[in-house]
Amino acid sequence: MTISYSLNVANAKFCGFSRLLFLWKGSIYKLLYKEFLLFCGVYFFFSVFYRFLLTSKQQDLFERIALYCDQFTNANFIPVLFVLGFYVTLAFNRWWGQYTSFPLPDNLMMVVSGNVHGADERGRLLRRTLMRYANLSSVLILRSISTRVLKRFPTLEHIVEAGFMTTQELKNFESLHSDFNKYWMPLTWFSNLASRARQEGRVRDDIALRLLMDELNNYRAKCSLLFHYDWISIPLVYTQVVTIAVYSYFGFCVIGRQFLNPEKEYSGHKLDMYVPVFTLLQFFFYTGWLKVGELIINPFGEDDDDFETNQLIDRNIQVSMLAVDDMYQNLAPIEKDKHWTQSRFSIPYTLSTAAETLRPAFKGSTFDMRMSAEDLEIHQPSDAPISRQYLPLQGSLINGFDGLLQKGKGILRSGSLPYLMDILSHPNEEDEADEGDTAATGHEKQERVEVTVEEEY
C-alpha cells in the first residue's frame with residue numbers, strides 16, 4: 001500500500017519533515033534495519049577480536065591491514081557516489097514511467113458513453129461489454145506483472161468468477177493458441193464489437209467510430225508499455241556493479257574504520273571511541289540509497305510503497321460501469337444558473353479564506369513595473385535608417401523635395417514623443433511656417449540655373 005503523507009507536508013512549518021522521521025510503515029528504518037544490524041554486528045566482532053583475542057604481533061598485523069583498507073575508503077578509491085547516484089536516478093525515472101503508463105479507462109469510458117447510443121437493453125449491453133473488455137485487458141496484463149494481482153486471480157477461472165469474462169469468452173480465449181501473452185485479445189473483441197455497433201447505427205458516424213478506435217489504441221499502448229517495462233529491465237550488469245561497489249566499500253570499512261591503539265600514535269587514530277558514529281551514518285545513507293533503488297525498480301510487488309494494483313482494478317471497473325450505464329443520459333433538468341442576470345459577479349469565500357480576496361490578481365511580472373518620463377521618450381538613433389514618406393507635392397518638384405528634407409531634419413533634430421505628436425496633429429502649420437524659406441530656396445536655385453544657362457551662351 002502506498003504511504004501518503006501529503007497532508008502532513010501541505011504547509012511548510014517548523015520541523016515539518018522532521019515529524020516524518022518517526023513513521024515506521026514505509027520508512028527507511030523498516031527497509032534497512034536488518035542490513036544495519038548485520039554491519040554493526042560484524043564491526044563490533046572485529047573490534048572485540050582485535051582488542052581481546054589477538055597477541056601483540058597479531059595486533060600489529062591487524063593494524064597494518066586496517067591502515068591499508070582505510071587508505072582506500074578515505075580516498076574514495078571505489079566510486080560509490082557516482083555509480084549509486086546514477087543508478088538511483090535511472091531507477092526513479094523508470095518508476096515514474098511505469099506509474100504514468102498505468103492503463104486508466106477514464107478517457108475511453110467518456111467516449112463510449114457519448115458515442116455508443118441507445119437507452120434500451122441492447123445499447124446498455126453494448127456499452128457495458130465494451131468497458132468490460134477494456135478492464136479485462138488491464139487485469140490480464142497486471143496479472144502478468146504484479147504479484148498482488150496474480151495472488152488475487154491465480155487462474156483464468158478466478159477472472160470468470162469475478163465477472164470480467166464469461167465462460168464462452170474463456171473458451172474462445174483458450175482456443176486461440178499463441179506462444180505469447182494474449183492480453184490484447186479483449187481489445188480485439190472491443191474493436192470488433194465497436195464495428196458491429198456502427199453497423200447497427202448505435203455509433204452514428206465514422207468520426208465517432210474513429211474516436212473510439214483512437215482511445216482504444218491509446219489504452220492498448222499503455223498496456224503494452226507496462227508489459228515491456230516488465231520485460232526489459234535495467235541491465236543486470238549495472239545492478240551487479242552498484243551492489244558490489246556499495247557492499248565491498250563497507251566491507252573494507254569494517255576493517256579500515258576500526259579504532260586502533262592510540263598509544264601507537266597512528267595518523268588519525270588519536271581517539272578510541274569504540275562506536276564509529278560517522279561510519280554508521282555513512283552506511284545508513286549509502287546503503288539506504290541502494291535500498292531505495294531496490295524498492296522502486298519494480299513497483300508491482302508487495303512492498304509498502306508499491307502500487308496498489310488491486311485497488312486500481314476495483315476503482316477502474318466501478319467507475320467505468322457507472323459512466324456508461326448509470327450515468328448514460330442521466331442529466332438533471334437544464335436551468336438558469338444563479339448568476340444568470342449578472343454580468344459581473346463574485347464567488348463567496350468562507351471566513352477561513354476571506355483574506356485571499358485582499359490580494360490583487362496576478363497580471364504578469366512586469367505589470368507593476370514603473371518607468372520614469374525619460375524612459376518613455378522615443379529616441380531615434382542617428383545612424384538608424386529613416387522610413388521614407390511619400391507626400392503630395394505642393395508646387396514644383398524642387399519645392400516638394402525640399403519640404404520633405406526639412407521635415408526629416410526636424411524629426412531627427414527632436415526625436416521626442418511630444419514633438420512627433422505635434423507634427424502628426426498639425427502637419428499644415430509647419431508647412432506654412434517653412435513655406436517662405438522653401439520658396440526662397442527654390443527661387444535661389446532657379447536663379448542659379450538661369451545664370452548657368454546665360455554663361456553657357
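User: Is R257 buried or exposed?

Analyst: This is a predicted model, so read everything here as computed. The cut-off for buried is under 20% relative accessible area. R257 has 15% relative accessibility, so R257 counts as buried.

User: Which residue forms a salt bridge with R257?

Analyst: D70 does. The closest N and O atoms of the pair are 3.6 Å apart. D70 sits in helix 2 (residues 56-74), and R257 sits in the loop between helix 11 (236-256) and helix 12. The two are 187 residues apart, so the pair links distant parts of the chain. D70 counts as buried too, at 14% relative accessibility.

User: How many salt bridges does the structure hold?

Analyst: The structure holds 17 salt bridges. One of them joins K291 and E35, with 3.1 Å between the closest N and O atoms. K291 belongs to helix 12 and E35 to helix 1, 256 residues apart. K291 is buried, with a relative accessible area of 8%. E35 is partly exposed, at 21%.

User: Which residues are linked with K291 in a network of salt bridges?

Analyst: E35 and E294 are linked with K291 in that network.

User: What is the N to O distance in the salt bridge of D106 and R315?

Analyst: The distance is 2.7 Å. This pair also links distant parts of the chain, 209 residues apart. D106 is in helix 4 (residues 106-115), and R315 is in helix 13 (residues 309-326). D106 counts as partly exposed, at 23% relative accessibility. R315 is partly exposed as well, with a relative accessible area of 33%.

User: Now the helices. What describes two packed helices?

Analyst: The angle between their axes and the distance between the axes. Take helix 1 (residues 28-52) and helix 12 (residues 277-296). Their axes come within 9 Å and cross at roughly 130 degrees. Helix 1 and helix 12 are therefore oblique to each other. The crossing is right-handed.

User: Which residues make the contact of helix 1 and helix 12?

Analyst: From helix 1, they include L31, L32, E35, F36 and F39. From helix 12, they include L280, F283, F284, K291 and V292. By class, the contact has twelve nonpolar, three polar and two charged residues.

User: At what angle do helix 5 and helix 10 pack?

Analyst: Helix 5 (residues 121-145) and helix 10 (residues 206-231) pack at about 5 degrees. Their axes are 10 Å apart. Angles under 35 degrees count as roughly parallel. Helix 5 and helix 10 are therefore roughly parallel to each other. Helix 5 brings residues including A134, I141 and L142 to the contact. Helix 10 brings Y219, C223, L226, F227 and D230. By class, there are eight nonpolar, four polar and one charged residues.

User: Where does E265 lie?

Analyst: E265 lies in the loop between helix 11 and helix 12. E265 has a positive phi of about 55 degrees and is not a glycine. E265 is exposed, with a relative accessible area of 70%.

Methods
Residues are numbered from 1 along each chain as its sequence is written. This is a predicted model: local features need pLDDT of at least 70, side-chain atom pairs count only at pLDDT 80 or more; totals for chains, interfaces and linings use all residues. Side-chain values use heavy atoms; hydrogens and water are left out. Axes are lines fitted to C-alpha atoms, for helices over the stretch in contact, and angles run from 0 to 180 degrees between N-to-C directions. Helices (H or I, at least four residues) and strands (E, at least two) are DSSP runs, numbered from the N terminus. Angles under 35 degrees count as roughly parallel, over 145 as roughly antiparallel, 65 to 115 as roughly perpendicular and the rest as oblique. A crossing is left-handed if the near helix is turned anticlockwise from the far one by less than a right angle, and right-handed if clockwise. Contact means heavy atoms within 4.5 Å. Ala, Val, Leu, Ile, Met, Phe, Trp, Tyr, Cys and Pro count as nonpolar, Asp, Glu, Lys and Arg as charged, and the others, Gly among them, as polar. A salt bridge is a side-chain nitrogen of Lys or Arg within 4 Å of a carboxyl oxygen of Asp or Glu. Buried means under 20% relative accessible area, exposed over 50%, partly exposed in between (1.4 Å probe, protein chains only).
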